[in-house]
Amino acid sequence: MKNIIFVSLVFVIATGCSTNPYNTPTNHKGMAITQSAAIGAVGGAAAGVIIGDNRKSTLIGAGLGALIMGGSKAYQEYSE
């Protein structure tokens, strides 16, 4: 139960930290997407270590975290 709560907390924190309140039209959208993907990779890797406790689960978690966070940020940036 502790693992599920911690993983949920990591994803909530990573989602909140990936938004940039000072984002203006002159800022590069690609940089925001890259930053979000990096934050997602770190959070996913942490979740993979907690859940699976081996290298394979860490890499899967990092990949999924980067894909989800980068994809959601790209959707937010280009849907305007």
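Reader: Which pattern does the protein follow when read along the sequence?
Author: This is a predicted model. Its secondary structure comes to three helices and zero strands. Read along the sequence, the pattern is α-α-α.

Reader: What is the reach of α3 from its first C-alpha to its last?
Author: Helix α3 covers residues 55–78 and has 24 residues. At 1.5 Å a residue the expected value is 34 Å. The model comes close to this, with a reach of 34 Å.

Reader: Is isoleucine 68 buried or exposed?
Author: Isoleucine 68 has its place in helix α3. Exposed means over 50% relative accessible area. Since isoleucine 68 is at 56% relative accessibility, it counts as exposed.

Reader: Which residues of α3 are buried?
Author: A residue is buried when its relative accessible area is under 20%. In α3 this holds for Ser57, Thr58, Gly61, Ala62, Gly65, Met69, Gly70, Lys73 and Glu77.

Reader: Why is alanine 41 classed as partly exposed?
Author: Alanine 41 lies in helix α2 (residues 29–51). Buried requires a value under 20%, and exposed a value over 50%. Alanine 41 falls in between, because its relative accessible area is 21%.

Reader: Which residues does alanine 41 touch, not counting those up to four places away in sequence?
Author: Alanine 41 is part of α2, whereas Ala62 and Gly65 are among the buried residues of α3. Alanine 41 touches both of these and one further residue. The set is Ala62, Gly65 and Ala66.

Reader: What separates the C-alpha atoms of alanine 41 and threonine 58?
Author: Threonine 58 is one of the buried residues in α3, and alanine 41 sits in α2. Along the chain the two are 17 residues apart. Their C-alpha atoms are separated by 9.7 Å.

Reader: How much of the accessible surface belongs to carbon and sulfur atoms?
Author: Buried residues make up 28% of the 80 residues in the protein. The accessible surface comes to about 5,600 Å². The share of carbon and sulfur atoms is 69%.

Terms used. Residues numbered from 1 in each chain as written. Predicted model: local features only at pLDDT ≥ 70, side-chain atom pairs only at ≥ 80, totals over all residues. Heavy atoms only, no water. Helix = DSSP H or I, 4+ residues; strand = E, 2+ residues; numbered from the N terminus. Buried < 20%, exposed > 50% of the residue type's maximum accessible area, 1.4 Å probe, protein only. Areas by Shrake-Rupley, 256 points an atom, 1.4 Å probe, with all protein chains shown as cover. Contact = heavy atoms within 4.5 Å. Expected span 1.5 Å × (residues − 1).
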